Amino acid sequence: MKKKALITGINGQDGSYLAEWLLANGYEVHGLVRSEAFAKPKERLNNILPVLDSIKLHVGDAHDSIYITQLISSIRPDEIYHLAANSFVSHALDAEPAIVEYNFNSTHYLLASIKAYHPSCRFYFAGSSEMFGAAENSPQNELTPFNPRSIYGISKMAGAILSKNYRRTHNLFTCNGILYNHESVRRGLSFVTRKITSSVAKIACGQLHELELGNLEAKRDWGYAPEYVEAMWLMLNQESPDDYVIATGKLHSVREIVECAFSCVNLDYQNYVKVNPAFHRANEAVSLVGDSSFAQQQLNWRPQKNIFSIIEEMVTHDIEAIKQEVVL
Ligand code: G4F
């Protein structure tokens, strides 16, 4: 019999790559999307268009407890990947209640429903390097204490602790993936790599004349999204559950990304990039970099593609999209 998986946030970057990976590995794939996605299907469902006929889509909200209970009871999935979240690291005060409420409650409802109605189901929680925040040591690994500095990081830390608690107290098979930044041609346009590659493509095609960014010296540990979703699957397919850092272990600055993207179209970034303090973030003093040795040993997972080839792929993709009149 086919294994069944449910992915919340299937239409996002990670959800769509994970759906493809699971289908290729013989799974029956169910995906949860919010009804708002259907208001802008071209934009919000674009990532899953190629697999739309092969998956079962459920329209609902992960932070509607009754709906979640019904969904889990009716599908009875073998694995749940909880990827849906408010995932932009915003520092806007008015966004805080929604981020905390959605990110924490959705995780709680899923875990509580699994415990009550389908305790053999394995659960993946999408944690984040943001949970380390102002980390005490570098690089960070699974033993590094959490010290989040953004409301997003706080909400993710709470979800990860809850998920671990259901593992220890209720014996559920739950895994927390502590993923560092991971990019691809499906990255949302507001994240810095895609903001840069889509703007470079527009500049190269004469549709834009400058690019405004925040801190060019900010550094991140950037990996490749399709590789990171394989790590999620590997986590749920071990003998026992655990938490894993998934990272490249290499730090690069926003300036290096900008330089690389502009060099793909033979332009000098200094003629186009303006620093706008509105895009600066407070509390970003620490450059987080991950140590994924535990995942390398236990899961036999390794980061492969470096960020500069990912950026080249993204610029090429975005130029092609503009030529085909896709609005970026
Ligand atoms: O691309 P970003 O917005 O990603 P961020 O905040 O690191 O968060 C991403 O990765 C986390 C870790 O995996 C996830 F938890 C989270 O959900 C998300 O996927 O920003 C990257 C860096 C930051 O240092 C930011 O300050 O780029 C810097 N930056 C500089 N100028 C900018 C800009 N970021 C954005 N979005 N826009 C700018 O103009």
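Reader: Which element gives the most to the lining of the second largest pocket?
Author: This is a predicted model, with residues numbered from 1 along each chain as its sequence is written. Local features need pLDDT of at least 70, side-chain atom pairs count only at pLDDT 80 or more, totals for chains, interfaces and linings use all residues, and side-chain values use heavy atoms, with hydrogens and water left out. Elements are DSSP runs numbered from the N terminus (helices: H or I, at least four residues; strands: E, at least two). With six residues, the top contributor to this lining is α5.

Reader: Which residues lie nearest the centre of the second largest pocket?
Author: A pocket is an open set of points on a 1 Å grid over the protein atoms alone, where a 1.4 Å probe fits, with protein on both sides within 12 Å along at least five of seven lines; lining residues have an atom within 4 Å of a point. Here 16 residues form the lining, and those nearest the centre are E142, F146, K164, N176 and D243.

Reader: Which elements give two or more residues to that lining, and what is the volume of the second largest pocket?
Author: The elements are α5 and β6 (174-179). Grid points are joined across faces, edges and corners, and the volume is the space filled by probe spheres set on them. For the second largest pocket it is about 260 Å³.

Reader: How do the lining residues of the second largest pocket divide by class?
Author: Ala, Val, Leu, Ile, Met, Phe, Trp, Tyr, Cys and Pro count as nonpolar, Asp, Glu, Lys and Arg as charged, and the others, Gly among them, as polar. On that basis the lining has seven nonpolar, three polar and six charged.

Reader: How many residues of α7 are buried?
Author: Helix α7 covers residues 225-236. Buried means under 20% relative accessible area, exposed over 50% and partly exposed in between (1.4 Å probe, protein chains only). Y228, W233 and M235 are among the buried residues of α7. The helix is mostly covered, and the count is 11 of 12.

Reader: Where is P139, and what is omega at its bond to S138?
Author: P139 sits in the loop between β5 (122-128) and α5 (151-170). Most peptide bonds are trans. The bond joining S138 and P139 is cis, with omega about -5°.

Reader: What is the relative accessible area of N300?
Author: N300 is in the loop between α9 (293-298) and α10 (307-323). Its phi is positive, about 60°, although N300 is not a glycine. N300 is exposed, and the value is 59%.

Key:
Expected span 1.5 Å × (residues − 1).
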